[in-house]
Amino acid sequence: MNAHKNRVVITGMGIVAPNAVGVPAFAKALQEQTSGIRFDPQLADLNFGCQVSGTPQITEELLAENFTNLQLRGLKATGLVYGVIAGKEAFKDAGLVIAGPDVAMKDMGIIFGTGQSGGEKFREAILLIDQKKVRRLGSTSVIQTMTSGISAWLAGELGCGNLVTSNSSACCTGTEAFLMGYERIAAGKATQMLVGSTSDSGPYIWGGFDAMRILPTKYNETPEKASRPISCDAAGFVPGSGAGAFILESLESALKRGAKIYGEVLGGALNSGGHRGDGSMTAPNGQAVQDCIKLALKDAQIKPQEIDAINGHLTATSKDAFEVKNWSVALNRKGENFPLINTFKSYVGHCLAAAGSIELVGTVLQLKNNVVYGNSNITSLHPDITDVVDSNCIPNQMVNRDLKIVAKASFGFGDVNACVILKEYSD
């Protein structure tokens, strides 16, 4: 660690995922390889080719725990709901206290990202405006549809007075927010940061992907088998949604208040391929992916051989093998020397802007519990993957493993990349 950087640790987590809500339930779901991908009647009614989705199951009791009756009136932005629930869980998990009514916490900020926000609310608003009923929009239509609505809502709930903002970088959003929060604490500009990302559910978010024909269409009657990352018969990503959240904190602060520590953030990197070479709006520039991984290692000041496990982006598309190859080149490791690698998308689908944060929660759980959760729905590994990596490096079942350092990466639409390096915490 560079001398001028504050050490940064993870002291709280929250999760709303298609296969579980709450960190303990999510850990159990990953351990038992439980899928949250279900048949989606709304998609079927609207004649989508893909009629399955990873949509979180939110109970009335959970809504009542996190929102007042007044707040719930007209609340249709599902991403906002997911983000508030996950963010408040992370805050509580870290043992923090909500600021009083008069003074905000000047050393605690929020970076909570999203993609498209409030699709259902936008639809309602457009219909009312076209019917010349503008005054019936309600007072919350703006906060439900603006990108920074989630971070602003959480700031008000908790009383955060440092930087409060929302980022938006497609599938990289959650991992990017995590790194941005880390960098702020490492630079001494904040003591604690609530970071994460969320994504709406529903046809108005997922319709464009169905139109692009990159979602699976042959598993509408067998939804749990639809998401097949790394497999030779991967047929496209399953649309998902949810939210993941973290409390990042300076080590000094965490130790001073006796907080539990899930792990330490060593560093990471963000970059773009600029739509050059083999990169485009929808395809990654392989050289930029490799550069991002290398830059993350450099920032964390570790060697490639020190990586024990990777949680990849691996979406269940034709680019899975390309991603594994890029990892191999960047780390200069292949065959049996390759780290263990997995993906959670067979259980939750591709949660778009929430993907990085949801998968980071799982990655931190692996590091904390010294396990690597199994991959699922692999008929047989794609041959372009086995040409590079030994099959034993891609476990089908959960394995116990002494993990010291793990890597998590996200690669998003727009040719953007993010990679985080996490370490087991020790004095």
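**Phe178 is in contact, meaning heavy atoms within 4.5 Å, with Ile10, Val195, Phe246, Leu248, Val265, Leu360, Val420 and Leu422, once its neighbours within four places in sequence are left aside.** The model is a predicted one, in which local features need pLDDT of at least 70 and side-chain atom pairs count only at pLDDT 80 or more, while totals for chains, interfaces and linings use all residues. Residues are numbered from 1 along each chain as its sequence is written, and side-chain values use heavy atoms, with hydrogens and water left out. Phe178 belongs to helix H9 (residues 173-186), where helices (H or I, at least four residues) and strands (E, at least two) are DSSP runs numbered from the N terminus. With a relative accessibility of 0%, Phe178 counts as buried, a term that stands for under 20% relative accessible area, against over 50% for exposed and partly exposed in between (1.4 Å probe, protein chains only). The C-alpha atom of Phe178 is separated by 32 Å from that of Gln51, which lies 127 residues away along the chain.

**Helix H9 is mostly covered, with eleven of its 14 residues buried.** The buried residues are Thr173, Gly174, Thr175, Glu176, Ala177, Phe178, Leu179, Gly181, Tyr182, Ile185 and Ala186. After H9 comes Gly188, which has a positive phi near 80°.

**Helix H1 (residues 23-31) packs against helix H15 (residues 355-369) at an angle of about 75°, with the two axes 10 Å apart.** This angle makes H1 roughly perpendicular to H15. Axes are lines fitted to C-alpha atoms, for helices over the stretch in contact, and angles run from 0 to 180 degrees between N-to-C directions; angles under 35 degrees count as roughly parallel, over 145 as roughly antiparallel, 65 to 115 as roughly perpendicular and the rest as oblique. From H1, the residues Val23, Phe26, Ala27 and Leu30 meet Ile358, Val361, Gly362 and Leu365 of H15. By class, this contact has seven nonpolar residues, one polar residue and no charged residues, where Ala, Val, Leu, Ile, Met, Phe, Trp, Tyr, Cys and Pro count as nonpolar, Asp, Glu, Lys and Arg as charged, and the others, Gly among them, as polar. An α-helix has 3.6 residues a turn, so residues three or four places apart point the same way.

**Cys351 is found in the loop that runs between helix H14 (345-348) and H15.** Cys351 has a relative accessible area of 1% and is therefore buried. Not counting residues up to four places away in sequence, Cys351 touches Pro18, Ser199, Gly240, Ser241 and Ile358. Although Ser53 is 298 residues from Cys351 along the chain, the C-alpha atoms of these two residues are separated by 9.6 Å.

**Helix H13 (residues 320-331) is largely enclosed by the rest of the structure, because nine of its twelve residues are buried.** The buried residues are Asp320, Ala321, Glu323, Val324, Asn326, Trp327, Ser328, Ala330 and Leu331. What covers them includes helix H12 (286-300), strand E10 (309-311), strand E11 (340-342), helix H16 (383-386), strand E14 (405-412) and strand E15 (416-423). The twelve residues of H13 should span 16 Å at 1.5 Å a residue, and the end C-alpha atoms are 17 Å apart, which agrees. Just after H13, Asn332 adopts a positive phi of about 55°.

**His275, which is not a glycine, has a positive phi of about 55°, and Gln301, likewise a residue other than glycine, has a positive phi near 60°.** His275 is placed in the loop between strand E9 (263-272) and H12, and with a relative accessible area of 35% it is partly exposed. Gln301 lies in the loop between H12 and E10, and a relative accessible area of 46% makes Gln301 partly exposed.

The C-alpha trace spans about 65 × 55 × 40 Å along its principal axes, and 59% of the 427 residues count as buried. Among contacts between residues at least 6 apart in sequence, 79% join residues at least 24 apart.

Notes: The expected span of a helix is 1.5 Å times one less than its number of residues.
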